[in-house]
Amino acid sequence: QVQLVESGGGLVQPGGSLNLSCEASGSGFFFYIMGWYRQSPGKQRERVAVINESGATIYSDSARGRFTISKDGAKNTLYLQMNALKPEDTAVYYCNSIQPRSQDYAAYWGQGTQVTVSS
């Protein structure tokens, strides 16, 4: 079983920055694919950025150029540096981990951290 705990959310003014963290724990945790997703009220959860074991990344169009996803394997921690934040970035941000199993994959989610961009 894998546990994911996000932190770093909060209230920030437009143009500001936040750095989200997601610490993974649990027996058998293996950094395979991890990512950040977000969900605003009334909207579906959307992918923001993902990173794989080798460090390859994929960003959504809205995140590319402003957000940076990174990882620290020694600490089992995932990060999302968010710059030039806009009001439309307001959402609950969730950490996701894909874990390989013997014949399939399992997906784990954190509890989410609120990001509010407002003046």
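Where is the place of Ser21? Ser21 is in strand β3.

This is a predicted model, in which local features need pLDDT of at least 70, side-chain atom pairs count only at pLDDT 80 or more, and totals for chains, interfaces and linings use all residues. Residues are numbered from 1 along each chain as its sequence is written, and side-chain values use heavy atoms, with hydrogens and water left out.

**View 1. The whole chain.**
The chain has 11 strands and zero helices. Both are DSSP runs numbered from the N terminus; helices are H or I with at least four residues, strands are E with at least two. The radius of gyration, taken over C-alpha atoms, is set against a globule rule of 2.2 Å times the number of residues to the power 0.38. For 119 residues, a compact globule would come out near 14 Å, and the chain agrees with 14 Å. Its C-alpha atoms fill a box of roughly 50 × 25 × 25 Å along the principal axes. Buried residues make up 42% of the 119. Buried means under 20% relative accessible area, exposed over 50%, and partly exposed in between (1.4 Å probe, protein chains only).

Ser21 counts as buried because its relative accessible area is 18%. Leaving aside neighbours within four places in sequence, Ser21 is in contact with Val5, Glu6, Ser7, Trp36, Thr77, Leu78 and Tyr79. Contact means heavy atoms within 4.5 Å.

**View 2. The largest nonpolar core.**
A nonpolar core is a set of buried Ala, Val, Leu, Ile, Met, Phe, Trp, Tyr and Cys residues joined through side-chain atoms within 4.5 Å. The largest has 29 residues, of which Trp36, Leu78, Leu80, Met82 and Tyr93 touch the most other members. Strands that each supply at least two residues of this core include β5 (46-52), β7 (67-72), β8 (77-82) and β9 (91-100). β3 gives the most, with four residues.

**View 3. Val115 in strand β11.**
Val115 is found in strand β11. With 0% relative accessibility, Val115 counts as buried. Val115 and Leu20 are 95 residues apart in sequence, yet their C-alpha atoms are 9.4 Å apart in space. Beyond residues up to four places away in sequence, Val115 touches Leu20 and others, including Gly9, Gly10, Met82, Asp89 and Tyr93.

**View 4. Aromatic pairs.**
Rings of Phe, Tyr and Trp (its six-membered ring) pair if their centres lie within 6.5 Å; planes under 30 degrees apart count as stacked, over 60 as edge-to-face and the rest as tilted. The count comes to three aromatic pairs. Phe29 and Phe31 pair edge-to-face, at 6.5 Å centre to centre and 85 degrees between the planes. Phe29 is buried at 14% relative accessibility, and Phe31 is buried at 11%. Tyr32 and Tyr105 are stacked, because their ring centres lie 5.6 Å apart and their planes are at 10 degrees. This pair links distant parts of the chain: Tyr32 is in the loop between β3 (18-25) and β4 (33-39), and Tyr105 is in strand β10 (residues 105-109), 73 residues apart. Tyr32 is partly exposed, at 27% relative accessible area.

**View 5. Arg45 over two rings.**
A charge sits over a ring if NZ of Lys or CZ of Arg is within 6 Å of the ring centre and within 35 degrees of the ring normal. The charged end of Arg45 sits over the ring of Tyr94, 3.7 Å from its centre. Arg45 also lies over the face of Trp109, 4.6 Å from the ring centre.
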